[in-house]
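Thanks for coming. I have one structure to show today, and I will keep it short.

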Amino acid sequence: MTTRSAAVRSAPALTLLAALFTLLAAGPAPAATTPASPPASDTGPNVAVSQAGNYPTQPNSYGNFSVSWASTGTADTTGITRLTVDLPPGLTTGGALMYSTPYDYTFDQTVSPDGRHLEATFRGTRVPGRGDFMKVQVSSGAARPSGVIRATVANRDDVDAADNVSTYTVNGPQRPADVPRRPAVTGIGTTTGPGTGGTAVTVTGTGLDDGFVLFGADQATTSHCRATQCTATTPGGSGSVPVTVVTPGGAADAPGGFAYTGPPPAPPATPVVTSLNRSSGPSQGGTSVYVLGKNLAGGTIAFGDAPAAHVSCGDSFCSGTSPAGSGTVHVTVTTAGGTSATVDADRFTYTGPEVA
């Protein structure tokens, strides 16, 4: 079972902490191994993982390396993207820092008590071609380190598992990374629980390694997966939802799903929009707009009644692309807590002739 690392850091804290990183190893190591991927599918999103950096190669040494993931398909990668890092004996980490800007996403992580297993959750939307990375600090013990550093990526909608594992062999020859097998879920131990969440659920199957559990679109508040079993704790919810195990090899639904009983938890705070980085754009749409405010995480954006495209929302920052329109409209954000109230600061004016 993992334990929670330092709380999710704000954008200013990330900037300050990033300045503290130094490359302590002698020089960049050879590139880590990521399996070659076939051409991107035209049927959906694809996410790929890679790693590179300054790995500790001597006793009592320090280093850091980046675990990068990119949206390489032909459709947006959205929702929860999960990264894992496993270190060989003799190497440990205290956690990772996200470097990507703008902060139109949420990022969370846990590190195992022995410091050798890291799980990170990134929630946002990435258009094809966009990448992100986290930097992992690593230290070695008294012995000369050896073994394989393994990084994985998983997203429920990923259409290609061939590029979801990256490996680097410390002080040894590099070898091709494995292609993870597709998971299969054969049973679920508990199928009902209160809407407030907190129900322990056991999911069984095969190929569940490095997986995480979704109840509907929401991640379990805790989950731990090994090859044939996942244990998870339900988030709050309502109605009947599918239960999905997502691994680097793909996603599989449990038979029957999960039914919430009783009232759901209280909704989150209502989103608030305080400003836009742009207040106008052409009537045909396509303007990239940043929305600032609070309580925005996981939200969607609308220009008047028309939904924006490529929407990604962190706690206080959203990005999106304007749809076609005319006149002056309010830009609002909607989350499970409701829709932001309209204010003068959220007005956006379309320029040029009206689009038919």
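First, the ground rules. This is a predicted model, where local features need pLDDT of at least 70, side-chain atom pairs count only at pLDDT 80 or more, and totals for chains, interfaces and linings use all residues. Residues are numbered from 1 along each chain as its sequence is written, and side-chain values use heavy atoms, with hydrogens and water left out.

Now the disulfides. I call a pair of cysteine sulfur atoms within 2.5 Å a disulfide, and by this rule there are two. Cysteine 225 is joined to cysteine 230, with the sulfur atoms 2.1 Å apart. The torsion about that S-S bond is about 115°, so the disulfide is right-handed. Cysteine 313 is linked to cysteine 318, S to S 2.1 Å. That link has 115° about the S-S bond and is right-handed.

Buried or exposed, for cysteine 225 and cysteine 230? Both are buried, meaning under 20% relative accessible area, with exposed being over 50% and partly exposed in between, for a 1.4 Å probe and protein chains only. Cysteine 313 and cysteine 318 are buried too. Counting bonded cysteines along the chain, the pattern is 1-2, 3-4.

On to the sheet. Strands here are DSSP runs of E, at least two residues, numbered from the N terminus, and two strands pair if DSSP finds at least two bridges between them. Three strands make an open, mixed sheet in the order β13-β22-β19. Its edge strands, β13 (192–194) and β19 (240–241), each pair on one side only. β13 runs parallel to β22 (residues 258–261), over three bridges. Within that pairing, threonine 192 is opposite alanine 259 of β22.

How values were computed. Helix = DSSP H or I, 4+ residues; strand = E, 2+ residues; numbered from the N terminus.
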